[in-house]
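Have a look at the picture below, and then we'll walk through it piece by piece.

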Amino acid sequence: MAVLKLNNISFSYRQQHIFNQVSLQFGAGKLIGIVGPNGCGKSTLLKLLARQIQPDTGDILVKGKALHRYSTKSLACEIAFLPQNPISPLGITVEQLLQYGRHPHQSWFNQWGKEDRDSVDAATQLLGLADYLHRPLAELSGGQRQRAWLGMILAQDTDIVLLDEPTSALDIGHQVEVMECISHIASMGKTVVLVIHDLAAAARYCNEVIALRDGAIVANGTAKSVVTETLVAQLFDTHVDILYAPQDDAPVIVPRRKYLHSEPM
Amino acid sequence: MIHELLPPAGKTLISIGKWRLLADHRTLMVTIFLLALTLVSIVLSISLGSAKLTSWHVLQTLLGQGDRVSELTVFKVRLPRTIAVLVAGCALGLSGCLIQSLVRNRLATPDMVGVNEGAMLAIIFFTLYITLGQWPWWAAPLGALATAVLLFGLCRNPGEQGYLFVVVGIGVTEMLSAAGEFLMSTESIVHISSVYMWSMGNFSGQGYLTAVPVASILLCLLPIVIYLSRSLDVMRLGTITASNLGVHIVRVQGGVLFIAIMIAALGTAIGGPIAFIAMAAPIIASYLVGHRTLPLWCAALLGAVFLLLSDTLARVLAQPYEISTGVITRILGGIFLLFLLLNDKGKVD
């Protein structure tokens with residue numbers, strides 16, 4: 001069953017069409033990667049799903065109900081959205097951040113309950129945050145901080161999770177670490193939609209890959225069927241070779257040089 | 001087996017019936033400390049002045065054990081002014097904290113962006129041309145709201161971290177204070193001396209007449225501030241994350257802005273456009289609570305402490321003459337602002 005559905009969505013920004021009559025479905029419990037070149041509209045698509053922006057025409061359905069009919073609070077109980085560079089204010093500790101994740105489930109007169117404690121503890125354990133739970137967010141390394149943000153998203157306890165390039169600013173070790181966490185979150189039965197630059201990581205971790213270019217869907221299917229030499233050429237105007245990783249046969253993308261015999265400058 | 005519900009570190013869980021509230025230890029300690037400091041400042045403010053009273057004497061008199069002369073000094077002269085200063089200080093500190101956290105810029109306070117000057121201009125206009133002598137404290141919110149509308153008309157949106165807001169606000173401040181001075185210069189100085197003194201930030205002659213209605217309105221606004229404070233605290237994570245966490249951004253922004261402007265204007269109505277209290281009090285309050293929470297109440301108390309001490313200094317420094325309280329806050333606040341900007345330079349460069 002599709003938990004998220006886009007019907008004939010059109011969206012323009014400053015008189016420029018970004019999407020024209022796009023329709024898409026996201027199946028429940030899957031990890032879905034959205035890939036494509038810069039400016040293809042992948043982050044815009046995520047913002048539309050998170051209701052950060054409104055489509056000009058068409059509708060978006062969340063669990064069968066129109067997105068605009070949710071109240072802010074009830075939507076926050078269904079969809080968690082992590083923007084690309086979230087603000088980490090001074091003085092806030094990791095535990096406080098997780099506590100903020102519980103905000104949509106709380107009210108002024110019910111600021112802390114058993115579910116809150118359980119969700120925060122579960123997020124702490126799953127993302128391995130116990131060692132720096134009481135440290136200020138601003139003092140952590142990029143990878144630790146990104147895990148803390150994922151912890152907040154997890155504590156929010158929603159069925160749908162939207163992540164905008166969660167690995168873009170991280171080194172290779174932290175990239176792997178964060179992707180493993182995300183894959184674990186998806187395996188808990190949540191629907192995770194991930195905008196990601198790194199085609200190889202998308203192919204390796206995602207159940208499904210959607211490729212966008214100029215606001216149109218170029219390919220949509222299982223990672224193996226989508227990530228091919230022709231698709232990469234189509235998306236990025238670059239010729240590549242695709243090899244397969246010795247460990248798990250995941251596709252590895254190796255760009256070809258344009259002028260192989262020219263001297264380096 | 002029943003486990004006791006463990007609150008997050010550094011917080012206490014307060015259960016009242018079905019209600020479950022969290023209180024931050026450090027914020028609570030700082031609030032209690034500032035409450036005590038406010039009481040000390042009140043006693044100091046009543047004791048010091050041209051007629052000297054000891055603090056012990058003041059306490060005795062306040063508890064109804066004083067002689068006639070000290071009763072007259074305390075209840076008729078000092079206490080009304082002290083209460084007026086206390087209310088104005090709380091209002092300035094609270095409104096500064098509200099706007100700073102809403103716009104996410106420490107320089108965006110009502111005194112920096114022209115809201116206080118708008119309130120001042122309205123009061124000058126009404127007192128010179130319409131109410132003729134009666135103190136039109138109620139005109140202050142009108143002027144302040146009109147200024148806010150003008151500011152939004154010019155800016156459209158506050159810009160990234162409110163910088164546009166601050167820069168345009170500095171221009172608006174100058175324009176409005178010039179307009180106020182222009183209005184006053186059309187009248188003879190004898191007629192407008194009290195308005196002129198007030199426009200420099202002065203509490204002489206201020207008492208219950210303005211402070212009581214202003215304090216009552218502030219108390220009525222308080223429940224709304226308390227209600228909004230929870231959403232405003234989440235908005236420290238930025239508007240995108242806050243809206244993802246279920247905060248109705250437009251509603252909270254509109255509500256907080258309206259209330260902050262009202263509070264700033266009412267504070268201004270008492271003692272004139274006092275500069276820097278609204279900026280310094282929240283910054284120092286936030287530092288005191290270790291940036292753990294949004295220090296609304298600490299900022300209000302600290303605003304009161306700063307203004308009470310400034311006003312006492314203003315009365316004592318050049319005895320038997322009185323310096324305008326606004327001049328004292330501008331001197332102290334100017335030094336603080338310079339310190340802040342030079343400290344920030346490293347981050348901006």
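## Two loop residues in chain A

Let's start in chain A, where A:Asp157 sits in the loop between helix H5 (142-155) and strand S7 (160-164). This is a predicted model, so keep that in mind as you read. The phi angle of A:Asp157 is near 60°, a positive value in a residue other than glycine.

You'll find A:Lys63 in the loop between strand S4 (57-62) and strand S5 (65-66) of chain A. With 15 other C-beta atoms within 10 Å, A:Lys63 is partly exposed.

## Where the chains touch

Now for the meeting of the two chains. The contact takes 28 residues from chain A and 27 residues from chain B. On the chain A side, helix H2 (72-76), strand S6 (79-82), helix H3 (94-101) and helix H4 (114-126) each supply at least two residues. H3(A) gives the most, with 4 residues. Sorted by class, that side of chain A has 14 nonpolar, 10 polar and 4 charged residues.

## A glycine between two helices

Over in chain B, B:Gly290 lies in the loop between H11 and H12. B:Gly290 has 16 C-beta neighbours inside 10 Å, so it counts as partly exposed. What does B:Gly290 touch, leaving aside its neighbours within four places in sequence? The answer is A:Gly91 and B:Arg26, one residue from chain A and one from chain B. As for distance, B:Gly290 and B:Ile123 are 167 residues apart in sequence and 39 Å apart in space, C-alpha to C-alpha.

## Helix H1 of chain B

Helix H1 of chain B covers residues 25-47. At 1.5 Å a residue, its 23 residues should span 33 Å, and its end C-alpha atoms are 33 Å apart, which agrees. The buried residues of H1(B) include B:Val30, B:Leu34, B:Ile42 and B:Ile46. The buried residues of H1(B) pack against strand S2 (19-24), H2, H3, helix H11 (277-288) and helix H12 (296-316) of chain B. Just after H1(B), B:Gly49 takes a positive phi of about 160°.

## Helix H4 of chain B

## How the helices of chain B pair up

Two packed helices are described by the angle between their axes and the distance between the axes. Take H4(B) and H6(B): their axes come within 9 Å and cross at roughly 15°. That angle is under 35 degrees, so H4(B) and H6(B) are roughly parallel to each other. The crossing is left-handed. Residues making the contact include B:Leu121 and B:Ile124 of H4(B), along with B:Leu176 and B:Leu183 of H6(B). By class, this contact has 9 nonpolar, 4 polar and 1 charged residues.

H2(B) and H3(B) pack at an angle of about 85°, with their axes 10 Å apart. That makes H2(B) roughly perpendicular to H3(B). Here B:His57, B:Val58, B:Thr61 and B:Leu62 of H2(B) meet B:Ser70, B:Glu71 and B:Val74 of H3(B). Those residues divide into 3 nonpolar, 3 polar and 1 charged. Then there's H8(B) with H10(B), which pack at about 155° with axes 10 Å apart. That makes H8(B) roughly antiparallel to H10(B). Their crossing is left-handed. Among the residues that meet are B:Leu218 and B:Leu221 in H8(B) and B:Ile259 and B:Met262 in H10(B). The contact of H8(B) with H10(B) has 17 nonpolar, 3 polar and no charged residues.

Methods:
Residues are numbered from 1 along each chain as its sequence is written. Chains are lettered from A and ligands numbered from 1 in the order in which they are written. This is a predicted model: local features need pLDDT of at least 70, side-chain atom pairs count only at pLDDT 80 or more; totals for chains, interfaces and linings use all residues. A residue is buried if 20 or more other C-beta atoms lie within 10 Å of its own, exposed if 12 or fewer, and partly exposed in between; C-beta atoms are placed from the backbone. Two residues are in contact if their C-beta atoms, placed from the backbone, lie within 7 Å. Ala, Val, Leu, Ile, Met, Phe, Trp, Tyr, Cys and Pro count as nonpolar, Asp, Glu, Lys and Arg as charged, and the others, Gly among them, as polar. Axes are lines fitted to C-alpha atoms, for helices over the stretch in contact, and angles run from 0 to 180 degrees between N-to-C directions. Angles under 35 degrees count as roughly parallel, over 145 as roughly antiparallel, 65 to 115 as roughly perpendicular and the rest as oblique. A crossing is left-handed if the near helix is turned anticlockwise from the far one by less than a right angle, and right-handed if clockwise. The expected span of a helix is 1.5 Å times one less than its number of residues.
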